[in-house]
Amino acid sequence: MTYMGRRGLLAGAAGALASAAAGPAQAAPWEGGPRAAAERGRASAPAPGTAGERARAGGGRGGGAEFRGMWIASVQNVDWPSRTGLSAARQRAELTALYDTAVERRLNAVVLQVRPTADAMWPGAREPWSQWLTGVQGGDPGWDPLGTAVAEAHARGLEFHAWFNPYRVANTHADPARLAASHPARRNPGWTVAYGGKLYYNPGLPEVRAFVQEAMLDAVSRYAVDGVHWDDYFYPYPVAGEAFDDDDAYARHGGGFPSRADWRRHNTDSLVREMAERVRTVRPSARFGISPFAVWRNRDKDPLGSDTQTLGTYDDLYADTRKWVREGWVDYVVPQVYWHIGHPTADYAKIVPWWAQTVAGTGVDLYIGEGLYRCDPQSTTAAWRDPEELTRHVALAKRYAEVRGHCYFSAQQVVTDPTGALARVVADHYPTAVPPR
């Protein structure tokens, strides 16, 4: 089977990503420069209202049982629904069947993608109904998927995390005219940037940042979600030979920054910090977590970075994931460590301890994102054909007290488990069910 990274599965990400995950990274002239060493290395005390303070106050933190999660991707019908146009009864039955499998595998949390492409899986939202339900953006599916998803998860003793993508508008085209007539991106064409054949909200516009928060908080305020979950899409993954055209926004808002890269990181930082504060106001019981690409920076660029040679969130996605943890803006982090033990440029055995050291003393929970989808009997990588690879991951992670659990991508592989890798994990590490927090 040809390897495609999670981002490729979810949104046809740039080839640079797949090469980064599958083998040695190629040098690329991506924009981004290092910050001053003193700023990079500052290990800030948790700010008021952040994860550290909330931990001391007894709220908003995981604690207790380990996290055993399963991602359910809806974009492009990766996991659910199995295809567009199904009846409401069939969509509900497919979702609850996935939940039942999670319970059978002794998992205790589900992470359901409810805003995959600036759309919605709940009624009355600020953006149109998701096309992945009916096949037509804006088409009413005849039920409330999010409301049902929360209720059915809780009925089975599963923690429910609502998975949102902040800035992605369309992942199969870059034409605002193809969006539903009511779509905010169509009514505000100046909000979007076409890049790599896809369409994105522009992270450099304060009005965009405010709107996407409102769009997500609409769901958080109306449903008893246990978590608000973001994936790794902020600024898009680099596409060779293309520039992300935010010139106008930079001219208007970037004058006080040393470089465009610093300004972009500031934009992403602001989104994370502001959303964290607002989630804690709107639904204090919910935790805010992010699942980033697992490499912050490579050690050859920054002594605080990991012993890896691949793209990094800081330089290539303008996402300072280490800062978000050290500042306590997130309650949990789930790095996508989708490489095998011994990978030549991104070794699971080196990345996990880096993250353990990064979260130490912050009050932020660390869960490891596991690439269950890579466990395939036809994989070109011998490690992923070995049913023991994944259980070795969990055993290795248990050496680090900071690792509080794992999350598996994705639900269809939890169901099919083609190599029996998850069955080995359950037998070796999940002898009994554990309740969520």
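## Terms and overall make-up

Buried is used here for a residue with under 20% relative accessible area, exposed for one with over 50%, and partly exposed for one in between, with a 1.4 Å probe and protein chains only. Helices (H or I, at least four residues) and strands (E, at least two) are DSSP runs, numbered from the N terminus. The model is a predicted one, in which local features need pLDDT of at least 70 and side-chain atom pairs count only at pLDDT 80 or more, while totals for chains, interfaces and linings use all residues. Residues are numbered from 1 along each chain as its sequence is written, and side-chain values use heavy atoms, with hydrogens and water left out.

The secondary structure of the protein chain comes to 18 helices and 11 strands, and 59% of its 437 residues count as buried. With contact taken as heavy atoms within 4.5 Å, residues 24 or more positions apart account for 75% of the contacts in the protein chain that have a separation of 6 or more.

## Nonpolar cores

A nonpolar core is a set of buried Ala, Val, Leu, Ile, Met, Phe, Trp, Tyr and Cys residues joined through side-chain atoms within 4.5 Å. In soluble globular proteins, nonpolar side chains tend to be buried together. The largest such core here has 111 residues, and those with the most contacts inside it are Ile72, Tyr99, Phe160, Phe164, Tyr201, Trp230 and Tyr408. Helix H9 (residues 206–222) supplies the largest share of this core, namely eight residues. A second, separate core of 13 residues includes Phe67, Tyr338, Tyr373 and Cys407.

Once neighbours within four places in sequence are left aside, the contacts of Phe160 include Tyr99, Val110, Leu112, Val114, Leu146 and Val150, and also His154, Asp226 and Gly227.

The buried residues of H5 are Gln91, Glu94, Leu95, Thr96, Leu98, Tyr99, Thr101 and Ala102. What covers them includes E1, strand E2 (109–115), helix H6 (131–134), helix H7 (145–155), strand E3 (159–164) and H17. Just after H5, Arg106 takes a positive phi of about 65 degrees.

## Helices H14 and H16

Two packed helices are described by the angle between their axes and the distance between the axes. Axes are lines fitted to C-alpha atoms, for helices over the stretch in contact, and angles run from 0 to 180 degrees between N-to-C directions. On that basis, the axes of helix H14 (residues 348–359) and helix H16 (residues 389–397) come within 10 Å and cross at roughly 35 degrees. Tyr348, Ala349 and Val352 in H14 meet His393, Leu396 and Ala397 in H16.

Seven of the nine residues of H16 are buried, so this helix is largely enclosed by the rest of the structure. The buried residues in H16 are Glu389, Leu390, Thr391, His393, Val394, Leu396 and Ala397, and they pack against H14, strand E10 (365–370), helix H15 (382–385), E11 and helix H18 (421–429).

## Backbone exceptions

Most residues other than glycine have a negative phi, and most peptide bonds are trans.

Asn77, found in the loop between E1 and H5, has a positive phi near 55 degrees although it is a residue other than glycine, and Asn77 is buried, with a relative accessible area of 15%. Tyr318, which is not a glycine, has a positive phi of about 60 degrees; Tyr318 lies in the loop between helix H12 (313–317) and helix H13 (321–326) and is buried, with a relative accessible area of 6%.

## Val193 in strand E5

Val193 has its place in strand E5 (residues 192–195) and is buried, with a relative accessible area of 5%. The C-alpha atoms of Val193 and Phe244, which are 51 residues apart along the chain, are separated by 7.3 Å. Not counting residues up to four places away in sequence, Val193 touches Lys198, Leu199, Tyr200, Asn202, Phe244 and Asp245.
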